[in-house]
Amino acid sequence: IRHAERVEREPGLSEVLVVVLSDGAENASKEVTQAQASRLVEAKRREGWSFVLLGGNQDAYATAAALSFPRAATSNFK
């Protein structure tokens, strides 16, 4: 999200789409908590950003919900 914030400021860009692709392995951040990430996603969604989660595990939908990603923008894959 922080990288996208920098890129978003470039002239001519009108939409921001953040796509998260996860293999389902543990990827715990050392910088932000899940709650902080969720609040940041919620704030960016209010600004019009779009978020997609593509998860390679059975918990993809639960993970997406915990991070405030829309269910309709979530997919599980093998």
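1. Strands here are DSSP runs of at least two residues (E) and helices runs of at least four (H or I), numbered from the N terminus. In a regular strand the side chains alternate between the two faces of the sheet.

2. The model is predicted: local features need pLDDT of at least 70, side-chain atom pairs count only at pLDDT 80 or more, and totals for chains, interfaces and linings use all residues. Residues are numbered from 1 along each chain as its sequence is written, and side-chain values use heavy atoms, with hydrogens and water left out.

3. E2 runs parallel to strand E1 (residues 17-22), joined to it by six bridges; pairing requires at least two DSSP bridges between two strands. Ser50 in E2 is the bridge partner of Leu17.

4. E2 also pairs in the parallel sense with strand E3 (residues 74-76), over three bridges. Here Leu53 has Thr74 as its partner.

5. Ser68 sits in the loop between H3 and E3. Its phi is near 70°, a positive value in a residue other than glycine. Most residues other than glycine have a negative phi. Ser68 counts as buried because its relative accessibility is 10% (buried: under 20% relative accessible area, 1.4 Å probe, protein chains only).

6. Trp49, Phe51 and Phe69 form one aromatic cluster, where rings of Phe, Tyr and Trp (its six-membered ring) pair if their centres lie within 6.5 Å, and planes under 30 degrees apart count as stacked. Both Trp49 and Phe51 are buried.

How values were computed. Buried < 20%, exposed > 50% of the residue type's maximum accessible area, 1.4 Å probe, protein only. Phe/Tyr/Trp six-rings, centres within 6.5 Å; stacked < 30°, edge-to-face > 60°.
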